[in-house]
Amino acid sequence: IDWGFQHPMSCHWFARVGKITKVYRERVENLHSARAQAMEIVERTPKDERKLIDAIYLSPDAFQHKSEQDSFAELMGQVFVANGMPYPEPADDDRKHGAQCMYDLMKDGELEIDPQCTNLIETIPMVCTEDDDPEEVEKFDGDDSWDSCRYGLKSRQRAGQRPIKEYAPDQVAKYAASKGNTVEDLDINTTAQLHRRESAREME
C-alpha cells in the first residue's frame with residue numbers, strides 16, 4: 001500500500017505461483033481517511049482470502065507520528081487486525097533496487113499483471129531515470145501505483161530480516177502467557193498495540 005490522502009492511496013494484491021509473481025487486484029483512490037481506506041481494502045478482499053494474506057507492506061511515511069494521535073499505520077492496522085488480516089509492516093522504500101527488482105521479474109517473464117490493474121499498467125511505461133543520475137528513478141506525479149507495486153515486490157525480497165508476521169505473534173503469545181491467558185483471550189486493541197511495538201522496533 002502506498003498511503004495517500006490528497007495524492008491517491010494505491011494498493012495492490014500479490015500472489016506467488018511457482019516462480020511467477022501475480023499482481024491480481026488494485027485499488028486507487030484519494031480523499032479518504034486511513035480507517036476508510038483500510039476498510040475498503042478489507043471489503044475488496046473476499047473473506048476466505050483474508051486468512052491467506054501473510055503480509056501487508058505499507059509506505060514508511062504512514063508510520064510517522066505527527067501528533068499524539070495514532071499514526072495512519074496504526075489506524076489502518078486496527079481495521080486489518082479486526083478483520084483477520086495482518087498488521088502492516090513498513091515497506092522497503094528503496095526506489096532504485098525496487099525498480100531493478102520489477103525490471104528483472106518482467107525481463108524474466110516472472111511478473112504477471114492482471115488486465116484489471118489498469119492504473120499500474122498505464123503507469124509503468126512512465127517510469128524513467130533521473131537525467132543527472134541514471135541509476136536513480138525519477139519521481140513524478142501519478143507514480144503511486146508504481147510505488148505500491150515496487151513496495152510489494154522489494155519488501156518480499158528483503159533479506160536478513162525476520163518478518164513482523166513471524167515474530168510479532170511470539171510477542172503476543174508471551175504477553176498473553178504473562179497474564180495467564182491465551183492469545184484468543186486478548187482483545188483486538190492489545191494485539192494491535194503489540195504489533196505496533198514491533199513495527200516501531202523494526203524502524204529503529
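Start with one crossing: helix α1 passes helix α3 right-handed. Keep in mind that this is a predicted model. Two packed helices are described by the angle between their axes and by the distance between those axes. For α1, residues 34–44, and α3, residues 72–82, the angle is about 35 degrees and the axes lie 8 Å apart.

Which residues of α1 and α3 meet? On the α1 side they are A34, R35, Q37, A38, M39, I41 and V42. On the α3 side they are F72, L75, M76, Q78, V79 and F80. Sorted by type, the residues of this contact are ten nonpolar, two polar and one charged.

Now step back to the whole chain. There are eight helices and five strands. Reading from the N terminus, the order is β-β-α-α-β-α-β-α-β-α-α-α-α. The chain has 204 residues, and 45% of them are buried. If we take contacts between residues at least 6 apart in sequence, 65% of them join residues at least 24 apart. The chain exposes about 11300 Å², with carbon and sulfur atoms supplying 47% of that area.

Next, the inside. In soluble globular proteins, nonpolar side chains tend to be buried together. Here the largest nonpolar core has 20 residues, and the ones with the most contacts inside it are I1, I41, L58, M76 and F80. Strand β1, residues 9–17, gives two or more residues to this core, as do α1 and α3. The largest share, five residues, comes from α3.

Look at L58 for a moment. Setting aside residues up to four places away in sequence, L58 touches I1, W3, F63, A73, M76, P88, E89, P90 and A91. Apart from this core lies another one, of 13 residues, including L105, L120, W146 and L153.

Is S145 buried or exposed? The relative accessible area of S145 is 0%, so S145 counts as buried, the cut-off being under 20%. Beyond its neighbours within four places in sequence, S145 is in contact with S10, H12, E26, V28, N119, L120 and T123.

Technical notes:
Residues are numbered from 1 along each chain as its sequence is written. This is a predicted model: local features need pLDDT of at least 70, side-chain atom pairs count only at pLDDT 80 or more; totals for chains, interfaces and linings use all residues. Side-chain values use heavy atoms; hydrogens and water are left out. Helices (H or I, at least four residues) and strands (E, at least two) are DSSP runs, numbered from the N terminus. Buried means under 20% relative accessible area, exposed over 50%, partly exposed in between (1.4 Å probe, protein chains only). Contact means heavy atoms within 4.5 Å. Accessible areas come from the Shrake-Rupley method with a 1.4 Å probe; for residues, only the protein chains shown count as cover. Axes are lines fitted to C-alpha atoms, for helices over the stretch in contact, and angles run from 0 to 180 degrees between N-to-C directions. A crossing is left-handed if the near helix is turned anticlockwise from the far one by less than a right angle, and right-handed if clockwise. Ala, Val, Leu, Ile, Met, Phe, Trp, Tyr, Cys and Pro count as nonpolar, Asp, Glu, Lys and Arg as charged, and the others, Gly among them, as polar. A nonpolar core is a set of buried Ala, Val, Leu, Ile, Met, Phe, Trp, Tyr and Cys residues joined through side-chain atoms within 4.5 Å.
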